[in-house]
Amino acid sequence: QRIFSMCVGQDMLNYTEQEIMDILRTQGNLTVSNDSPIDLIVKYKPNLSVDTSYLYSLVEEYADKGFETIAVFQDYIKRIRPVFGNTMDERFRLGNVINEFKNFAVEYKIPVITASQLNREAARTVDEARTNDRFDKMMNGVGRANIGESSLIDENLDATILIITREK
């Protein structure tokens, strides 16, 4: 939904899946050619309506259609539930989602890429750096310990990338 909105400037809920892909190809700079035969398939699921087992079903569904999945992008880690350990404790729930993403990635030998926010301490550091134009302080003050609500997120990742813009 975010990709569609950013690329096209419209709400994707007004279109079918095929219309969305056609619009992204023609208006959204997502192109497929013989030189670059990669299709991006975008699936929308309401918040917390699926668990991580959905990824297995999705890859198998598209394999049956002749597609090879080379990567999975999950819009935001909080939007999907774990199969195991779906608790009310957000820290453990998010850690379980990441563990299940890792198991999926290993089984299919593909990367799973997702996003999470930084915690309040990091937000304060970033805001202060922006206000005082002190990005050197921010670079030394924000790290893996500032990932979202759970340090368990970082325990089973192969890579953590922090993206912080200078402007809000």
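Trainee: Does Tyr-62 count as buried or exposed?

Mentor: This is a predicted model: local features need pLDDT of at least 70, side-chain atom pairs count only at pLDDT 80 or more, and totals for chains, interfaces and linings use all residues. Residues are numbered from 1 along each chain as its sequence is written, and side-chain values use heavy atoms, without hydrogens and water. Buried means under 20% relative accessible area, exposed over 50%, and partly exposed in between (1.4 Å probe, protein chains only). Tyr-62 has 7% relative accessibility, so this residue counts as buried.

Trainee: In what order do the elements of the chain run?

Mentor: Helices (H or I, at least four residues) and strands (E, at least two) are DSSP runs, numbered from the N terminus. The chain has seven helices and two strands. From the N terminus on, their order is α-α-α-β-α-β-α-α-α.

Trainee: How far apart are the end C-alpha atoms of helix 5?

Mentor: Helix 5 has 13 residues, 120–132. The expected span is 1.5 Å times one less than the number of residues, which for helix 5 gives 18 Å. The model agrees, with the end C-alpha atoms separated by 18 Å.

Trainee: Which residues of helix 5 are buried, and within what arc do they fall?

Mentor: The buried residues are Ala-122, Thr-125, Val-126 and Ala-129. They line one face of helix 5, because seen down the axis they fall within an arc of 95 degrees.

Trainee: Which residue just after helix 5 takes a positive phi?

Mentor: Most residues other than glycine have a negative phi. Just after helix 5, a phi of about 50 degrees belongs to Asp-133.

Trainee: What is the relative accessible area of Lys-109?

Mentor: Lys-109 lies in the loop between helix 4 (90–108) and strand 2 (112–114). Its phi is positive, near 55 degrees. Lys-109 is exposed, at 74%.

Trainee: What is the relative accessibility of Leu-48?

Mentor: Leu-48 is in the loop between helix 2 and helix 3 (53–64). Its phi is also positive, near 60 degrees. Leu-48 counts as partly exposed, at 34%.

Trainee: How many residues apart in sequence are the parts tied together by Tyr-56 and Phe-104?

Mentor: Rings of Phe, Tyr and Trp (its six-membered ring) pair if their centres lie within 6.5 Å; planes under 30 degrees apart count as stacked, over 60 as edge-to-face and the rest as tilted. The whole structure has four aromatic pairs. Tyr-56 and Phe-104 form an edge-to-face pair, 5.0 Å centre to centre with 85 degrees between the planes. Tyr-56 lies in helix 3 and Phe-104 in helix 4, so the pair ties together parts separated in sequence by 48 residues.

Trainee: Which residue lies over the face of Tyr-62?

Mentor: A charge sits over a ring if NZ of Lys or CZ of Arg is within 6 Å of the ring centre and within 35 degrees of the ring normal. At 4.6 Å from the ring centre of Tyr-62 lies Lys-65.

Trainee: Which residues touch the most other members of the largest nonpolar core?

Mentor: A nonpolar core is a set of buried Ala, Val, Leu, Ile, Met, Phe, Trp, Tyr and Cys residues joined through side-chain atoms within 4.5 Å. The largest core has 17 residues, and those touching the most other members are Ile-77, Phe-101, Phe-104 and Ile-153.

Trainee: How many residues are in the other core that lies apart from it?

Mentor: Its members include Val-8, Ile-23, Leu-24 and Val-42. The number of residues in this core is eight.

Note on methods
The arc is that of the directions from the helix axis to the C-beta atoms.
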